[in-house]
Amino acid sequence: MAAASTGAAVTAYSLCSSNARLIDFTSRNRSSKVILLTRAKPSFCVRCVASEPKQRVRDPIADEGVLSDLSALSPHTASIASSIKYHAEFTPMFSPQNFEPPKAFFAAAQSVRDALIINWNATNDFYEKMNVKQAYYLSMEFLQGRALLNAIGNLELTGEYADALEKLGHTLETVAAQEPDAALGNGGLGRLASCFLDSLATLNYPAWGYGLRYKYGLFKQQLTKDGQEEVAENWLENGNPWEIVRNDVCYPVKFSGKVVEGSDGKKRWIGGEDIVAVAYDVPIPGYKTKTTINLRLWSTKVPSDQFDLHAFNAGEHTKACEAQANAEKICYVLYPGDESVEGKILRLKQQYTLCSASLQDIIARFERRSGGDVRWEDFPDKVAVQMNDTHPTLCIPELMRILMDLKGMSWDEAWRITKRTVAYTNHTVLPEALEKWSYDLMQRLLPRHVEIIEKIDEQLIEDIVSEYGTLNPEMLEKKLATMRILENFDLPASIADLFAKPEESSVDETSEEVKSNDEVTVTEKDEQLDGEETQKNKAVNKEPAYIPPKMVRMANLCVVGGHTVNGVAEIHSEIVKQEVFNDFFQLWPEKFQNKTNGVTPRRWIQYCNPDLSAVITKWIGSKDWVLNTDKLAELRKFADNEDLQREWRAAKKSNKIKLVSFLKETTGYSVNPDAMFDIQVKRIHEYKRQLLNILGIVYRYKKMKEMTAAERKANFVPRVCIFGGKAFSTYVQAKRIVKFITDVGATINHDPDIGDLLKVIFVPDYNVSVAELLIPASELSQHISTAGMEASGTSNMKFSMNGCILIGTLDGANVEIREEVGDDNFFLFGAQAHEIAPLRNERAAGKFVPDERFEEVKKFVRSGVFGAYNYDEMIGSLEGNEGFGRADYFLVGKDFPSYIECQDKVDIAYRDQKRWTKMSILNTAGSYKFSSDRTIREYANDIWNIEPLEIN
């Protein structure tokens with residue numbers, strides 16, 4: 001191991017030696033040069049060719065007098081300033097006349113990237129030489145957020161970059177704010193994936209991430225008088241200083257065409273549409289380690305020869321560019337609308353592009369590392385593929401296709417390898433989120449994969465029949481209907497015969513019936529004839545029976561083709577086993593695991609909340625908690641200490657003041673920093689119940705209006721209620737909720753009777769950078785989904801980690817957070833998961849009696865107090881006992897009384913600031929379990945079977 005490590009370092013040096021005249025890496029404490037950034041803060045010197053005596057190139061920074069002398073800086077900071085100065089001049093993204101903050105950001109980012117590339121190349125070279133098993137995390141989303149502060153923080157260079165930029169005339173804060181959030185995700189799925197990459201690098205696990213490089217992201221949210229409007233993200237308009245395009249790393253991806261069988265019996269997929277997936281790499285640095293792993297994003301194009309020059313010169317410009325446009329649009333938008341057939345096709349193309357390009361890349365790496373001796377049976381011992389939700393499900397048939405059609409394996413060999421390689425993380429119990437694809441559409445787009453899926457389905461049927469036998473046909477039929485990958489398909493003839501119904505009558509019985517009819521009276525015969533005529537008429541007029549569409553169940557394919565299925569919170573994993581995939585759990589119980597989610601403490605405390613981090617470090621006695629969050633539990637013994645409480649409140653107040661400025665800048669509203677900051681930020685969805693929150697606020701407002709000023713002040717704690725999150729562009733009800741929240745805010749915020757006692761603010765275009773301001777300033781956070789419907793959640797972990805107290809149901813990770821922070825430090829309300837189905841049945845039976853306070857709120861909304869918009873559809877969803885979009889499926893009305901009563905308890909607790917601060921401290925102390933470092937160790941040990949590989 002030591003020898004290999006030394007070799008890797010030597011190779012890394014040779015890889016970078018061509019840049020030696022530009023970048024020298026020198027340790028502060030040693031005279032010898034080293035190439036890799038060391039754990040002790042490294043120092044590097046950049047000698048700019050612009051300053052060499054052979055030539056004189058204008059230096060805009062020096063000429064403007066911003067940086068005329070570096071001698072006042074420490075050698076380390078001076079080197080960084082020189083590096084930034086070099087990139088401002090020699091890798092320009094802007095005109096040379098100025099050094100404004102946007103240009104300063106790009107120069108600083110490219111300076112950091114220089115340092116990352118050294119470790120990045122060495123890390124990858126070390127992986128190649130050691131040829132250990134590597135994990136590959138495939139996800140449609142990676143919600144990275146801004147990268148500059150995270151990168152320099154992980155490199156332990158924050159202070160040096162702040163000093164260097166100050167010398168160059170800018171603050172680090174101003175420069176960092178120029179970076180747009182990478183629009184590569186939307187919600188918790190993408191944020192979790194990014195936390196996992198941070199932990200993988202920090203813990204030195206050999207791993208890569210794979211995703212798509214979306215040009216326009218999901219959308220940028222704008223709020224107008226009509227509610228939410230969507231416009232395209234512009235995060236790539238000025239370029240991305242972190243990514244490196246790998247024009248030599250590209251793979252063909254095919255759609256449509258047909259499957260033919262050669263004379264050798266092998267299947268070949270030919271014809272159709274061919275595109276090329278090109279790799280864009282983004283370095284992911286670990287904290288206090290040289291390990292820098294890779295996020296590889298795919299962009300799509302076609303070769304230049306597919307540009308129809310003849311058509312273009314003939315004036316048919318659109319036709320000439322058609323192939324390129326069809327290829328490029330695959331990576332335009334995250335989750336394109338799929339109401340149309342074209343939208344569905346585009347989504348399926350996205351998913352297949354991710355799977356095909358990534359697997360081709362993984363296989364190429366496996367073959368390269370194997371040298372001349374490729375042993376395919378070793379593939380699962382070198383490769384672990386993790387499918388983050390069902391979007392990458394096509395990895396299963398694609399890996400089978402490559403192994404059989406391109407590598408010449410038999411079905412059995414390929415199936416054994418595939419099942420040992422791939423694993424699946426389930427993130428939802430919502431039926432609509434357990435993806436199903438139209439069989440006809442998939443047949444049209446991916447004909448070879450449909451053949452493979454059909455055979456997997458056939459094998460599954462055989463396994464089920466073999467396990468359960470044929471003695472109980474009714475039970476067997478139910479299991480097949482639930483477990484099959486292909487939905488609404490006939491069973492194979494041999495199996496279908498088991499369920500054949502006996503004919504209603506035989507020939508002999510018919511004869512007897514005829515004889516009997518001869519004795520019928522004339523009147524009876526006439527009635528019979530009339531009846532037969534009526535039946536004939538009905539048969540003529542009868543509409544054809546509804547034939548359900550043939551579908552491919554992607555989640556079932558994941559379970560069948562993967563070696564492990566994991567949920568993401570204890571309660572969620574139990575629901576997965578007992579409800580969502582119960583039949584599979586009975587068949588293969590060993591496949592199912594729980595891996596409770598986590599978040600990285602680097603971004604989500606240390607960097608976004610430096611004030612609180614300093615307090616934590618002081619009282620724990622070291623910064624070890626950043627890598628070992630178990631140490632956060634030591635805060636419990638100081639929870640009653642008045643000095644700690646005073647410092648804790650001061651840190652919170654500082655963060656609240658920052659947020660006040662941000663809210664004023666982005667929304668125009670001024671709020672009181674001494675009010676309670678009550679925050680709910682997450683994707684807008686009915687099950688997440690932003691509607692319950694805002695109706696609770698409406699009830700609070702109505703009660704305030706019924707009181708005198710003195711009574712209001714005596715009965716209510718001042719609150720600033722903050723919402724954030726995007727409603728999917730075609731999700732009408734979610735967009736109604738956004739509109740309603742903004743209308744309520746517009747009314748309350750301008751009511752002079754209420755003043756600072758209550759403010760309601762919807763922060764537009766919620767993203768990671770906004771979260772980094774909101775979460776440290778939060779005091780109460782709402783995680784109020786209908787019990788049993790949230791898989792885990794990760795924002796609840798971030799809020800708790802930052803000393804915010806949660807109000808919520810026993811859903812997702814709330815259950816485990818409450819266990820760790822203590823029942824007294826969590827505001828609990830609402831029905832529990834096991835009660836939900838009976839409550840819905842009760843509603844359907846007409847037995848639900850709504851609370852009078854809930855009826856009062858609905859009536860108040862309908863009175864028009866919040867404007868002229870008609871909210872009957874939104875309120876109507878909470879009424880009735882049955883029907884689509886009715887009957888209060890998410891139990892807002894049922895939980896409303898419990899919710900507002902729990903909010904009264906929140907007010908009482910907040911009035912006692914000593915008690916509240918103690919609760920806040922205990923939330924941070926109890927959040928130790930929810931580090932993504934812990935989660936990743938569990939994945940590595942229990943699912944991927946990989947070991948840390950640290951570069952020495």
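Start by selecting Asp907 and Arg719: in this predicted model they form a salt bridge, with the closest N and O atoms 3.0 Å apart. The pair ties together distant parts of the chain, since Asp907 sits in helix 37 (residues 892-911) and Arg719 in strand 20 (residues 719-724), 188 residues apart. Show the surface here and you'll find Asp907 buried at 5% relative accessibility, and Arg719 buried as well, at 2%.

Next, go to helix 12 (residues 341-370) and pick Arg365 and Asp361. Their closest N and O atoms are 2.8 Å apart, and they make a salt bridge. Why are they separated by about one helical turn? They are 4 residues apart in helix 12, so about one turn lies between them. Both Arg365 and Asp361 are buried. Now widen the selection to Arg246, Asp281 and Arg296: together with Asp361 and Arg365, these are linked in a network of salt bridges.

For another within-helix pair, jump to helix 23 (residues 570-580), where Glu574 and Lys577 lie 3 residues apart, about one turn of the helix. They form a salt bridge too, with the closest N and O atoms at 3.1 Å. Is each partner here buried or partly exposed? Glu574 is partly exposed, because its relative accessible area of 38% falls between the 20% and 50% cut-offs. Lys577 has 19%, so it counts as buried, the limit being under 20%. Across the whole structure there are 65 salt bridges.

Time for the rings. Select Trp208 and Tyr210, a tilted aromatic pair with 6.2 Å centre to centre and 50 degrees between the planes. Trp208 is buried at 7% relative accessibility, and Tyr210 is buried at 0%. Then move to Trp376 and Phe379, which also form a tilted pair: 6.0 Å between centres and 40 degrees between planes. Both count as buried, Trp376 at 14% and Phe379 at 0%.

Which residues touch the most other members of the largest nonpolar core? Select Ile84, Trp298, Met442 and Trp944, out of 155 residues in that core. Colour helix 4 (residues 101-130) while you're there, as this helix gives the most to the core, with 12 residues.

Out on the surface, select Phe307, Leu309 and Phe312, a nonpolar patch with about 260 Å² of accessible area together. Phe307 is in the loop between strand 11 (292-301) and helix 9 (309-313), and is partly exposed at 35% relative accessibility.

Gln606 is buried, with a relative accessible area of 11%. What is Gln606 in contact with, leaving aside its neighbours within four places in sequence? Show Tyr287, Pro601, Ser613, Lys623, Trp625 and Val626.

Finally, zoom out to the whole protein. The secondary structure comes to 39 helices and 24 strands, and buried residues make up 56% of the 952 residues. Of the contacts with a separation of 6 or more, 77% come from residues 24 or more positions apart. The accessible surface is about 40,000 Å², with 50% of it belonging to carbon and sulfur atoms.

Key
Residues are numbered from 1 along each chain as its sequence is written. This is a predicted model: local features need pLDDT of at least 70, side-chain atom pairs count only at pLDDT 80 or more; totals for chains, interfaces and linings use all residues. Side-chain values use heavy atoms; hydrogens and water are left out. Buried means under 20% relative accessible area, exposed over 50%, partly exposed in between (1.4 Å probe, protein chains only). Contact means heavy atoms within 4.5 Å. Patches are made of residues with over 30% relative accessible area and no salt bridge: like charges are joined within 9 Å, nonpolar side chains (Val, Leu, Ile, Met, Phe, Trp, Tyr) within 5 Å. Accessible areas come from the Shrake-Rupley method with a 1.4 Å probe; for residues, only the protein chains shown count as cover. A salt bridge is a side-chain nitrogen of Lys or Arg within 4 Å of a carboxyl oxygen of Asp or Glu. Helices (H or I, at least four residues) and strands (E, at least two) are DSSP runs, numbered from the N terminus. A nonpolar core is a set of buried Ala, Val, Leu, Ile, Met, Phe, Trp, Tyr and Cys residues joined through side-chain atoms within 4.5 Å. Rings of Phe, Tyr and Trp (its six-membered ring) pair if their centres lie within 6.5 Å; planes under 30 degrees apart count as stacked, over 60 as edge-to-face and the rest as tilted.
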